[in-house]
Amino acid sequence: MQLEQLASGLTVAEASCPEEFGGLSISGLTADSRQVKPGYLFAALKGVQVDGAQFVPKAVEQGAVAILCAQDSVDQLRSELPDTVVVLGSEEPRHALALMAARFYNKQPKVTVAVTGTSGKTSVAHFVRQIFQSAGHAAASLGTIGTVTADGRVYGGLTTPDPVALHAELNRLTEEGVTHAALEASSHGLDQHRLDGVRIAAAGFTNLGRDHMDYHPTIEDYLGAKLRLFKDLLPTGGTVVVDPGEKYADRVIGVAEARGLQLLTVGETGKDLKLTGLRQSGSAQVLTLATPRGDYTVTLPLIGRFQVSNALVAAGLAIAVGHETGPVLRALENLKGAPGRLEFAGHTQNGALVVIDYAHKPDALENVLAALRPVTEGKLSVVIGAGGDRDPGKRPLMGKAAAERADFVIVTDDNPRSEDPAAIRKAVKEGAPEALEIDDRGEAIFEAIKRLQPGDVLCVAGKGHETGQIVGETILPFSDHEAVADAIAKGGNE
Ligand SMILES: CC(=O)N[C@H]1[C@@H](OP(=O)(O)OP(=O)(O)OC[C@H]2O[C@@H](n3ccc(=O)[nH]c3=O)[C@H](O)[C@@H]2O)O[C@H](CO)[C@@H](O)[C@@H]1O[C@H](C)C(=O)N[C@@H](C)C(=O)N[C@H](CCC(=O)O)C(=O)O
Ligand SMILES: Nc1ncnc2c1ncn2[C@@H]1O[C@H](COP(=O)(O)OP(=O)(O)OP(=O)(O)O)[C@@H](O)[C@H]1O
Ligand SMILES: N[C@H](CCC[C@H](N)C(=O)O)C(=O)O
Ligand SMILES: [Mg+2]
């Protein structure tokens with residue numbers, strides 16, 4: 001693609017060879033010098049760890065023909081580079097890169113919705129995809145568990161991929177015939193402009209609790225990143241889906257009202273999908289809903305009050321993009337939970353239940369244990385750990401949530417990364433002094449399963465769908481699913 005076409009209107013061109021800028025064709029783009037190939041545009045971005053500007057010489061050596069950088073780096077780079085390399089400055093280089101990526105990979109699904117919030121994004125995206133599929137559309141969901149389509153799942157590294165990877169993926173899916181997509185918008189992704197340029201028709205908010213305080217200096221900053229979805233990315237005419245009863249929902253509604261966006265509200269105080277009743281029925285929940293299209297009774301085949309919230313936001317998003325209320329609500333009756341989210345993992349030989357969940361923050365732990373309590377006839381146990389190189393403040397709070405809501409807690413490791421695992425466990429135990437501490441996660445799971453009695457329930461929390469334990473720079477193969485299966489097979493609790 002011609003650089004002129006790629007950059008038009010986005011940047012102040014600082015090319016010393018304007019004639020070359022005019023005719024220059026770009027073969028690809030990236031913000032990672034290690035990915036540069038001949039003919040590429042390299043975006044030199046200031047990151048959390050390093051300033052990408054230091055990799056410009058390497059990028060040029062590898063064949064980069066154009067550099068996108070912060071406006072204030074232009075003069076410096078210009079003076080260091082051969083005249084043949086075009087340097088483009090931008091006040092917002094991350095935004096400019098994302099819009100360039102959207103132009104370079106110019107195909108996107110006809111209908112794309114996005115969801116943000118502290119917890120529930122993966123579940124909502126997973127549900128929206130199933131609702132779209134039930135209406136006969138070729139649909140995909142993109143997020144923490146990767147890209148999921150009717151053909152299966154391709155694992156991706158980040159919840160919200162970097163803009164080049166995201167636009168490339170949307171282009172690939174569209175070429176394969178996908179017409180409907182549901183995206184997870186993480187706060188990092190929103191803050192780093194990874195979703196800029198994605199055409200979003202409706203955006204949902206689940207909730208806001210403590211998370212990522214290692215990255216966002218204050219909760220206001222964290223909320224601010226989430227609000228970007230509604231302030232900057234959802235275009236006029238788009239619809240915001242929210243439960244007004246959620247903490248901070250007023251801030252989301254405030255943005256929608258200030259911008260004159262459409263608002264679709266769900267939940268007990270919602271107007272469009274108003275939850276008028278909820279009761280347990282075995283391992284399902286029966287919802288009664290009042291809607292502008294009439295009243296409905298829906299049997300949701302999932303446990304946990306939070307899954308009701310997630311299902312309503314998902315249904316709201318589908319309705320927001322034009323789907324009929326009746327069929328959408330019928331589709332909720334066949335929903336499958338996302339892998340590793342309150343997922344059935346097995347029964348022990350003496351009949352106790354083991355589930356795997358991704359709760360790795362205090363609110364999520366509280367919610368998942370509250371969801372399991374009503375289905376627990378005996379004792380409720382939980383295995384928890386907290387990730388290294390992540391908000392240390394959440395560790396004792398996770399311990400406390402587990403100690404308050406479960407009858408028995410084992411504290412173990414969950415991706416210690418560069419930190420001392422013992423120090424992480426100690427911090428978790430500050431909130432759960434009675435907890436048993438077992439460093440090896442496989443042994444912790446075995447010990448928890450060994451102690452189960454008939455009627456007990458064990459929740460193995462924190463890793464969900466993950467397939468590795470990150471220790472230092474190494475990812476050791478590890479799956480909670482396999483560890484649970486091994487422990488059950490070894491028995492010890494018949
Ligand atoms: C803290 C954070 O979000 N970092 C992300 C960010 O990196 P950064 O720009 O700050 O990177 P940096 O290491 O300082 O480098 C600066 C620039 O130099 C470039 N570079 C670096 C080295 C080199 O040799 N050559 C080179 O060009 C880098 O590509 C980058 O463009 O942008 C990169 C490209 O998009 C991401 O890969 C990277 O994610 C890191 C790996 C990460 O772990 N992120 C996690 C925390 C994250 O984003 N999580 C969220 C939320 C998860 C959830 O709760 O659901 C997610 O969306 O996954
Ligand atoms: N609406 C909700 N409210 C509170 N907790 C929830 C909600 N939905 C899910 N959870 C809990 O949070 C965990 C993660 O859920 P999910 O993966 O859907 O959220 P997420 O926002 O994508 O999380 P992440 O940011 O880590 O990817 C679940 O395993 C469950 O314990
Ligand atoms: N998206 C989250 C996932 C955390 C999962 C947990 N297993 C951990 O490693 O802390 C994060 O990167 O903070
Ligand atoms: Mg997720």
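**Figure 1. A close look at helix H11.** Helix H11 has 16 residues and runs 23 Å from its first C-alpha to its last, close to the 22 Å expected at 1.5 Å a residue. What you're looking at is a predicted model. Is H11 enclosed or open? Of its 16 residues, 15 are buried, so the helix is largely enclosed by the rest of the structure. Just past the end of H11 sits Gly-322, with a positive phi of about 105°.

Figure 2. Which of them gives the most? That's H13, with four residues. The shell holds 24 residues, and those that come nearest are Gly-120, Lys-121, Thr-122, Ser-123 and Ala-364. Sorted by class, the shell has 13 polar residues, six nonpolar ones and five charged ones.

**Figure 3. The surroundings of ligand 3.** Around ligand 3 you'll find Thr-159, His-360, Gly-387, Arg-390 and Asp-414, along with Asn-415, Gly-462, Lys-463 and Glu-466. By class, five residues of this shell are polar and four are charged, with no nonpolar residue in it.

Figure 4. Lys-226 is part of helix H9, which covers residues 219-233. An unreviewed UniProt entry annotates Lys-226 as "modified residue: N6-carboxylysine". Why does Lys-226 count as buried? Because it has 24 C-beta neighbours inside 10 Å, and a residue needs 20 or more to be called buried. Leaving aside residues up to four places away in sequence, Lys-226 touches Thr-116, Gly-117, Ser-187, Leu-190 and Leu-208.

**Figure 5. How confident is the prediction?** The protein chain has a mean pLDDT of 94, and 97% of its residues reach 70 or more. For the model, ipTM comes out at 0.96 and pTM at 0.93.

Terms used: Residues are numbered from 1 along each chain as its sequence is written. Chains are lettered from A and ligands numbered from 1 in the order in which they are written. This is a predicted model: local features need pLDDT of at least 70, side-chain atom pairs count only at pLDDT 80 or more; totals for chains, interfaces and linings use all residues. A residue is near a molecule or strand if its C-beta atom, placed from the backbone, lies within 6 Å of it. Ala, Val, Leu, Ile, Met, Phe, Trp, Tyr, Cys and Pro count as nonpolar, Asp, Glu, Lys and Arg as charged, and the others, Gly among them, as polar. Helices (H or I, at least four residues) and strands (E, at least two) are DSSP runs, numbered from the N terminus. pLDDT is the predictor's confidence in each residue, from 0 to 100. UniProt positions are given in the numbering used here, feature names are shortened, and annotations may be inferred rather than shown by experiment. A residue is buried if 20 or more other C-beta atoms lie within 10 Å of its own, exposed if 12 or fewer, and partly exposed in between; C-beta atoms are placed from the backbone. Two residues are in contact if their C-beta atoms, placed from the backbone, lie within 7 Å. The expected span of a helix is 1.5 Å times one less than its number of residues.
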